[in-house]
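Please look at the sequence and the structure before reading on.

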Amino acid sequence: MDAMAEIRATFFEECAEQLAELDEALAALAGGTADGETVGVAYRAVHSIKGGAASFQMNDLAGFAKSFEALLGEVRAGRAETSGETMALLTACAAALRQLVALAAVTGPLLADLKAAVARTSPEAVEEPAAEEADGLDLGGFDFTPVSVDLSDMLAGGPAKWRIDFAPRPELYANANESARLIREVLALGEGKVTCDARRVPLLAELEPESACLAWSIELTTDAGEAAIREIFEFAEFDCELSLSPVPAEPAGEDGMDIAALIARAKADTAQAA
């Protein structure tokens, strides 16, 4: 087995574990025994499958998992209730996700074998089709793939400043997350200043080793939008107190350019010259 095949095999082994966690979480939701972390478990399971599928270009599996993840995100955010109708949809989606994982596990190796078998007799049959003309435009043999471009950050007028207040709970460390790593990933988005709030740290005699006493405030200037910042805390959202808000731009000082005054002055100069 080559290295890539081993990685694929590991991915599907992890999928089996994540599907089991998903089933347990949905069963708890349906049975009314769920706690505050149950939806997060289901969300992370689907998110992991989506990410792995995308890396292997399993587009059908990744696309379905992305939509499933979005619904679980609405439930996790409290915008969708786990009513009978929603619960039935979640359960059906979990069953479909399991089938898509099983299908991807079979079709991937088969597709490689099919191409190899055809190539032995008709090499030209497995060549990629040539690019076709689009709307009468001759592409001259160039491959053309339409892409979506998000210009929102460019239209927003450059980097924006954000304030992130981040206070971990003990569960964050119990779930193998690390504050320092999260802060480093935030700072990697741009330039920032980090302030540590140690007001909750008790006296040494009262300190509990598994407690979470420190909190941080980060002032970040970045071209990335709010979604990119929140994505860093995606798996830690329920294990911390998180506040994210834009910092208003400072008004121009006395030395700032007053356009109205400049126009008035230009008109006065023109009148005098006339």
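## The largest pocket

The largest pocket holds about 500 Å³ of space. A pocket here is an open set of points, on a 1 Å grid over the protein atoms alone, where a 1.4 Å probe fits, with protein on both sides within 12 Å along at least five of seven lines; lining residues have an atom within 4 Å of a point. The volume is the space filled by probe spheres set on the points, which are joined across faces, edges and corners. The model is predicted: local features need pLDDT of at least 70 and side-chain atom pairs pLDDT 80 or more, while totals for chains, interfaces and linings use all residues. Residues are numbered from 1 along each chain as its sequence is written, and side-chain values use heavy atoms, with hydrogens and water left out.

The lining has 17 residues, and Tyr-43, Gly-73, Arg-76, Glu-234 and Glu-237 lie nearest the centre. Helix 3 (59-76) supplies at least two residues, as do helix 2 and helix 8 (226-232); the largest share, six residues, is that of helix 3. By type, the lining has ten charged residues, six nonpolar and one polar. Asp, Glu, Lys and Arg count as charged; Ala, Val, Leu, Ile, Met, Phe, Trp, Tyr, Cys and Pro as nonpolar; and the others, Gly among them, as polar.

## The second largest pocket

About 260 Å³ of space lies in the second largest pocket. Its lining is made of 13 residues, with Gln-57, Met-58, Asn-59, Ala-104 and Thr-107 closest to the centre. Helix 4 (84-121) and helix 3 each give at least two residues, and helix 4 contributes the most, six. Seven of the lining residues are nonpolar, four polar and two charged.

## Thr-38

Thr-38 lies in helix 2, which covers residues 38-55. Its relative accessible area is 10%, so Thr-38 is buried (under 20%; exposed is over 50%, partly exposed in between, with a 1.4 Å probe and protein chains only). A polar atom of the Thr-38 side chain lies 2.9 Å from the backbone nitrogen of Asp-35. Leaving aside residues up to four places away in sequence, Thr-38 touches Ala-25, Ala-28 and Leu-29, where contact means heavy atoms within 4.5 Å.

## The whole protein

The protein has nine helices and four strands. These are DSSP runs numbered from the N terminus, helices being H or I with at least four residues and strands E with at least two. Of its 274 residues, 26% count as buried.

Note on methods
Polar contact = N/O pair within 3.5 Å; in protein donor to acceptor, adjacent residues only side chain to side chain.
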